[in-house]
Amino acid sequence: MLKDSSQYSLVHDAFDDDDDGKPFGDPEGFGASAAEPRPKSCILHLWPWLSDGVLICTSMFFFILWMRTPSAPLHDDIPVYSPASGAVESILVRFNGTLNFPSIYRGPPSPEIDAAWARIAHNVLPTRMTLEEMTKAGEVDLLSKVKYPKSTGGGFMVSMESPHQLHCLNLLRKSSWLEYYGPTDPSFQDAPEVVRMHLDHCIEMIRQTIMCNADVTMITWDWVQGHKIPYPNFNTRHQCRDYEKILDWASMHAVHIDKSEVGRFEDTVDLPYYPII
């Protein structure tokens, strides 16, 4: 709420400079002779105050309009605390949606493509958050959370959402090349119903992510040589987060300890069972 800190004076202070000090209501103030000077108009006395008041009100009105105007830069509608927020930097990127666009992330399976996906996806090492940071993030049920031993720095084990989302997308990619990945990839060695549940989980995670970040960038449609109907142009400009900087942050803050050093504490409480994907 905006607090008005303007200072006000009594109106009659404006009339202290009258020579006779008589109020306007005194009939002696209006002499019979037209040549006698008449008292100053009330409007003239109040004009400095009125002009200042109008200026202040106008300034406040436009300030409030400016505050209520949505900002153009990338922002979160519901900010949720993350220690990685400082690594977020907005950049403009033109997507390449050409159907046969060559990319290090697409094409027949190869060690090079697998390495490209592994770098950005689920194998990013976890980091840590302090008790204070967990509270800022809205986490209140902490007894079930995995904690690092004090000998390794303490804190709670955490990892970023975006590499997990890319892990899910990578799993869908691999499932489209099942003849290559099926016999060897650990994700496809479980029972068929578990593999199906994993795939459905990933589809659902990607759906929620897309709807959460609802991209309102407009796709134009063009007349293209050789096509009798309009064709969408997916090569659109987007305001994005620089993922490389986020990966750099994750690498810098990764916790490098052996899994054997992460164990249960005496006050640990188990959550009800649900499948871990």
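By the criterion applied here (a side-chain nitrogen of Lys or Arg within 4 Å of a carboxyl oxygen of Asp or Glu), the count of salt bridges comes to nine. The model is a predicted one, in which local features need pLDDT of at least 70 and side-chain atom pairs count only at pLDDT 80 or more, while totals for chains, interfaces and linings use all residues. Residues are numbered from 1 along each chain as its sequence is written, and side-chain values use heavy atoms, with hydrogens and water left out.

One of the salt bridges joins the side chains of R173 and D114, with an N to O distance of 3.1 Å. R173 belongs to helix α4 and D114 to helix α2, and this pair links distant parts of the chain, 59 residues apart. Helices (H or I, at least four residues) and strands (E, at least two) are taken as DSSP runs and numbered from the N terminus. Relative accessible area is classed as buried under 20%, exposed over 50% and partly exposed in between (1.4 Å probe, protein chains only). R173 counts as buried because its relative accessibility is 11%, whereas D114, at 23%, counts as partly exposed.

A salt bridge is also formed by the side chains of K174 and D185, at 2.8 Å from N to O. K174 lies in helix α4 and D185 in the loop between α5 (178-181) and α6 (192-212), so this pair ties together parts that are 11 residues apart in sequence. Both K174 and D185 are buried. In a further salt bridge, the side chains of D270 and R264 meet at 2.7 Å, N to O. D270 counts as exposed at 55% relative accessibility, and R264 is exposed with a relative accessible area of 59%.

The axes of α2 (residues 111-120) and α4 (residues 161-175) come within 8 Å and cross at roughly 155°. Axes are lines fitted to C-alpha atoms, for helices over the stretch in contact, and angles run from 0 to 180 degrees between N-to-C directions. Angles under 35 degrees count as roughly parallel, over 145 as roughly antiparallel, 65 to 115 as roughly perpendicular and the rest as oblique; α2 and α4 are therefore roughly antiparallel to each other. With contact defined as heavy atoms within 4.5 Å, the residues involved are I113, D114, W117 and I120 of α2, and P163, L166, L169, N170 and R173 of α4.

Y105, in the loop between β1 (90-94) and α2, touches I113, A116, W117, R119, I120 and R173, not counting residues up to four places away in sequence. The C-alpha atoms of Y105 and A116 are separated by 6.4 Å, and these residues are 11 apart along the chain. Y105 is partly exposed, its relative accessible area being 26%.

Over the chain, the secondary structure comes to seven helices and six strands. The order of elements from the N terminus is α-β-α-β-α-β-α-α-α-β-β-β-α. Among contacts between residues at least 6 apart in sequence, 67% join residues at least 24 apart. Of the 277 residues of the chain, 20% count as buried. The accessible surface, from the Shrake-Rupley method with a 1.4 Å probe, comes to about 21300 Å², and 62% of this surface belongs to carbon and sulfur atoms.
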